[in-house]
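Subject: Handover of a structure

Dear colleague,

Please find below the structure that I am handing over to you.

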Amino acid sequence: MNKGKVSENIFKRSILREINVNNNDVITGAAFGEDCAILNCNGLLLVSQATDSGVSGGRPALIRAVNNLAAGGAEFTFANAVLLFPTDIEEEEIRKTQRGLIETAEELGGTIVGGQTEVSDKVRETIVTVTVYGSKITDNKLSKRNIKSGDSIIATKYIGLEGGYILYEKVKDRLLKGFEADFTERLSLYKDMLSVSKEGRIGAKFGVTAMKDVSENGIFGALRELGEAAGRG
């Protein structure tokens, strides 16, 4: 495929056609020739961003960004997605990536409202960068600066969920040859456990002091970042 912005036909077939905006707060959404989305936002607007190598349609990147919103006590509403593809990409793979992002956004209660799609000889694999927007769930002012010595730290779900899922997606053919089916099936179910939006909603409504999404650096990395942000060492 030629490098640069994808052609108008491919953009309309594999990007725009996958988008179905059913949110009344989207004044102007994704469209050919539009340079920005116009959204109706009431109150505080929270923003987060994440990048992934495109495993499973960019699902982990979108979930990670939405999890960051949840940790801030916000409800996910809109997302922009920048898709960067290598030159040997097939159109079906572009469509699959876009569809994966849209399905994930719908699962999480939000809407893809725009972005950018390009083919570049500078990348060897698909790169997905998402920027998500959300509004506060309650007036509870979550702040890591309010953490005090002696506060309880509660972790939900399992440690290593995202890493386990990403590894499964990358090497599942090899895993199927070396492990029992029930083990690989459990790994595949991790994809439905990556979101912490529910936990974020509960935490915000019940007045927790602060929340932190555990990703990339593991539990000890998350605890260190939490302590540093709280000024507690």
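This is a predicted model: local features need pLDDT of at least 70, side-chain atom pairs count only at pLDDT 80 or more; totals for chains, interfaces and linings use all residues.

Residues are numbered from 1 along each chain as its sequence is written, and side-chain values use heavy atoms, with hydrogens and water left out.

Overall fold

The protein has seven helices and seven strands; these are DSSP runs numbered from the N terminus, with helices being H or I of at least four residues and strands being E of at least two. Along the sequence, their order is β-α-β-β-β-α-β-α-β-β-α-α-α-α. Of the 233 residues, 41% count as buried (buried is under 20% relative accessible area, exposed is over 50% and partly exposed is in between, with a 1.4 Å probe and protein chains only). Among contacts (heavy atoms within 4.5 Å) between residues at least 6 apart in sequence, 80% join residues at least 24 apart.

Helix H1

Helix H1 spans residues 8–15, and its residues Ile10, Phe11, Ser14 and Ile15 are buried. Seen down the axis of H1, the buried residues fall within an arc of 100°, so they line one face of the helix; the arc is taken from the directions from the helix axis to the C-beta atoms. These residues pack against strand S5 (74–85), helix H3 (91–107) and strand S6 (111–119).

Single residues

Aspartate 52 belongs to strand S4 (residues 45–52) and counts as buried because its relative accessibility is 8%. Leaving aside residues up to four places away in sequence, aspartate 52 touches Pro60, Ala61, Arg64, Thr126, Ile127, Val128 and Ile166.

Serine 120 sits in the loop between S6 and strand S7 (127–136), and is buried, at 13% relative accessible area. A polar atom of the side chain of serine 120 lies 3.0 Å from the backbone nitrogen of lysine 122.

Lysine 157 is found in the loop between S7 and helix H4 (161–178). Its phi is near 60°, a positive value in a residue other than glycine. With 36% relative accessibility, lysine 157 counts as partly exposed.

Cavity and pocket

On a 1 Å grid over the protein atoms alone, a cavity is a set of points where a 1.4 Å probe fits but cannot get out, a pocket is an open set with protein on both sides within 12 Å along at least five of seven lines, and lining residues have an atom within 4 Å of a point. Grid points are joined across faces, edges and corners, and a volume is the space filled by probe spheres set on the points.

The whole structure has one cavity of 30 Å³ or more. The largest cavity has a volume of about 60 Å³, and its lining includes Val66, Phe76, Leu108 and Arg201. Helix H2 (59–71), S5 and helix H6 (197–205) each supply at least two residues of that lining.

The largest pocket holds about 1,200 Å³ of space. It is lined by 47 residues, of which Ile154, Ala155, Thr156, Lys212 and Val214 are the closest to its centre. Helix H7 (218–230) is among the helices that each supply at least two lining residues, and H7 gives the most, with seven.

Yours sincerely

Methods: A polar contact is a pair of N or O atoms within 3.5 Å; within protein, one must be able to donate a hydrogen and the other to accept it, and residues adjacent in sequence count only if both atoms are side-chain atoms.
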